[in-house]
Amino acid sequence: MTVALLAQSILNGLAAGGIYVLVALGLTLVFGIMNIVQFAHGEIYMLGAYASYFLIKLFGFSFWEALPVSAIAIGLLGIVLEKFFFRPFRDRFEPSIIVAVALMVLLQTTAVVGFGTDTKSMGGIIPGVLSIGGVTLSWDRLLGILVGIILVVALFLLIQKTKIGQAMVAVSQDPYAAALQGIDVNRISSIAMAVGCALAAIAGSLMGSIFSTSPFMGTSAITKGIAVIILGGLGSIPGAVAGGLVLGLIDGLVPPLLSSTMAGIVGFGVIIIVLLFRPTGFFGHE
Amino acid sequence: MLEIRGLTKQFGGLFAVNNLDMIVNQGEIAGLIGPNGAGKTTIFNLITGFIPPTKGQIIFKHSDISGKSTHSIAEKGLVRTFQQNVFLPDLTVQQNMLASCYLHPKTGFWEAILNTSSYRKKEQYVCDRTMDILKFLGLDSVNDELVQNLPHGYQRLLGIAIALSTNPKLLLLDEPLAGMNAAEVSESLTFINRIRSAGTTVLLVEHNMRAVMGLCDRIVVINFGRKIAEGLPEEIKRNKNVIEAYLGTSENAAGT
Amino acid sequence: MSKGSQLVKPAGYTALVVFLVLVPLFIKGGYFLHILIMAGIAVILTSSLRTIATTGQISLAHSGFMAIGAYTSALLVRKLGLSFWASFPIGGIVAALVALLVGYPFVRVKRVYFAMLTLFMGAIIRLIIMEWRGLTRGTSGLLNIPPPDSIIIPGLVNIAFDSKVSYYYLILALALISLLFLYRIDSSRVGRIFLAIEQGDYVAESVGISVTNFKVLALCVGCFFAGIAGSFYAHYIKVLTPDSFGVLQAIYIIVYMVVGGRKKFYGAILGALTLTLLPEFFRVLKEYQPFVFVGILLVTIFLLPDGLVGLPDAVKPCIQRLRKVKISNA
């Protein structure tokens, strides 16, 4: 492997990792912190992409105008879903799986019925590529990474520095104790779900723009997302970053050497080995 | 029957159990007491294989069981009860007992699947034996009750019944009298004596001092993971170190 | 119990079996038989998953073990010329052996992490199938898998597997045998041990039960039957692609089990049959059909916390209330 190829592979891996982090952020908030078994998170991400798509194509929004509108709309959808679908089964694991699967099928079928199964294109955000040395990176992907960094920092600050964020942490550790301290657990759950879904919508819009939009894009997103947050540790934002970058690097370096399927095998293999020795992942806590 | 030599358990820098030497003789009722946090439950966990010792040996019936797994120690005849009691909360007393009759008699996998006549005989034996144990402890009247509906005292007795179904040679009772009223305590003491008469050696951890003094043949006192006294109840009652250890904490030595 | 009432249960089961045997006489369409055959496969998969779940372990790798059985059996027949009747049990055995291999490290972790480990295990199995193209033909698919050899007893029987009817009877027989075996496990001492492990593994360990060994046993038994189901599937569909054995399929099997109800043995059967057969009546809805599936799921979790097996208990108070109204109106 030449140095140039190695460098490009690492860069591709970091770029992929940045996107995985983006996808995993909302998931770690909902799944990891609020303990909502949200298998349908991939569908939320997909709906965020479609929301942006329609805002751009039908209403002539620009990408940067569509993004926040999509995020807010999907965030509101998340509040509704949390209240009617997830809250009744909050403490029960097996029913939670069922409701999440039901939502997943419901949202995906709605998309198939409503939008058709063909993939759609939003058009990119910024055309062209950035070339330094022998390595290239498309501007769109760089943008994706930058947005990812901003969101990671923003979410981290939200959790660590704001009362609401601290309340979320309290609820995730012990909902009853948190309630005794006067925290409105229902309100916090709503807010967390709204933020988580908004993050998913942003990730979906970015991915839908950089790549393409289809009703099935959520499935691969959720698979990657769950892998990232389990590797990094449920509920940990640094963990989501670490997990995303590790899996991204594997996906950047392994395919040129072996194949992209092997990248998946190596990735999951790494996760299994980590889980066997440290079930809580890199930064998780129990 | 049970010999403990130099038993030590370290958690990081903390010594939960520090160089403990102790014996339990066959046929006696021995008591292990000490203030809260002295390490008594840790000692139980070490003896029964729930946690491995850092140092030292545990010898049961002349064979070294230190670090062995709980189920193989149980197979050898060393069984314990638990402070938190409930085994199968959604099932009845009888179902709990049937589930715990694993060791005696043992059945093979294929025997059970094919429902052979030898399997059915063994199952019938298990059924009968279960009833015998429940009668022995006065629990036969609540045979069909759901365990979670039982009053606390009965649940503790059920814990003992479950342990008895393994036909133990040495029974470790972890605070068997906790939360019982006076009538239940005196009933339980009778049962423990009967268990000893039937041939099982008993080692118990208890906070109820009056009960311990009346029941045990020999007492070992622990504080901060170390043995501070050992002997007959009258000697322990008068032992200065023991009194100091208890008064030094919020525990009162005269009773609970 | 009087002799009369003692006979009711076995008589009921016999009648059910007779009914199932006679079904192909009433159903002529190949498509409907296909649905029943797939339902039979689902029943075996869901019941065997339930057996693993009785120790408290939820396995998300069940479709992966089905794949192991499927590819093993298919390859043994195609490459080594073995007869189906030898290869399909071997498919189950290989699946069980793989379960044994990963079982010991996997069962030691907490239940939540076991579920995650099996999730990735299932994903890896699918990826290995995709990657090992020399053996499995990867995503192009393993084609032309031969049907089972005809059962020939000279002068008496000549059953060829050239129509769906033969496959129907085969899966019926396999399902009945599997369910009998799994039911025996569940209702015997072994089943009690599994239950004890789920609800109180500390106490189980202290009465001499090796929790690790029994968890692995449950896993191996469950995965054996997943492999058997896979072997049948391979020689019925005759084409294998890795996409049939993904995590989504594994999640569906769990859904069948939970919707049917985990507490009773027949819950798994009920869940599998309901969720594979009921949506078929709504085929006219075409692309809206998945909404029926969603509807069944939502109705079940909102109204029946114990799953479909809880239906009798949920309905009883309503009937009692109706009776009281009737009496007071009389």
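The contact between chain B and chain C takes 24 residues from chain B and 20 residues from chain C, two residues being counted as in contact if their C-beta atoms, placed from the backbone, lie within 7 Å. On the side of chain B that touches chain C, at least two residues each are supplied by α2 (70–76), β6 (78–80), α3 (93–100) and α4 (109–114) of chain B, where helices (H or I, at least four residues) and strands (E, at least two) are DSSP runs numbered from the N terminus. The largest share of this side, four residues, comes from α2(B). By class, the side of chain B that touches chain C has 14 nonpolar, eight polar and two charged residues; Ala, Val, Leu, Ile, Met, Phe, Trp, Tyr, Cys and Pro count here as nonpolar, Asp, Glu, Lys and Arg as charged, and the others, Gly among them, as polar.

The model is a predicted one, in which local features need pLDDT of at least 70 and side-chain atom pairs count only at pLDDT 80 or more, whereas totals for chains, interfaces and linings use all residues. Residues are numbered from 1 along each chain as its sequence is written, and chains are lettered from A and ligands numbered from 1 in the order in which they are written.

Of the two pairs of chains in contact, chains A and C share the most contacts, with 27 residues of chain A touching 29 residues of chain C. The elements of chain A that give two or more residues to this side are α4 (93–115), α9 (217–232) and α11 (260–277), and α4(A) gives the most, with twelve residues. The side of chain A that touches chain C divides into 20 nonpolar, six polar and one charged residue. Chains A and B, by contrast, are joined by no contact, and their closest C-alpha atoms lie 17 Å apart.

Chain C has 14 helices and two strands. The radius of gyration of chain C, taken over C-alpha atoms, is 21 Å, close to the 20 Å that the globule rule gives for 330 residues, so chain C is as compact as a globular protein of that length; the rule is 2.2 Å times the number of residues to the power 0.38. Buried residues make up 48% of the 330 residues in chain C, a residue being buried if 20 or more other C-beta atoms lie within 10 Å of its own, exposed if 12 or fewer, and partly exposed in between.

Leaving aside neighbours within four places in sequence, Val255(C) is in contact with Ile98(A), Val101(A), Leu275(C) and Leu297(C).

Within chain C, the contact of helix α7 (residues 164–187) with α10(C) is made by residues including Ile171(C) and Leu174(C) of α7(C) and Phe225(C) and Ile228(C) of α10(C). The residues of this contact divide into nine nonpolar, one polar and no charged.

Leu143(C) is found in the loop between α6 (133–136) and β1 (151–153) of chain C and is exposed, with 12 other C-beta atoms within 10 Å. The C-alpha atoms of Leu143(C) and Val239(C), 96 residues apart along the chain, are separated by 4.7 Å.

Definitions and conventions
Axes are lines fitted to C-alpha atoms, for helices over the stretch in contact, and angles run from 0 to 180 degrees between N-to-C directions.
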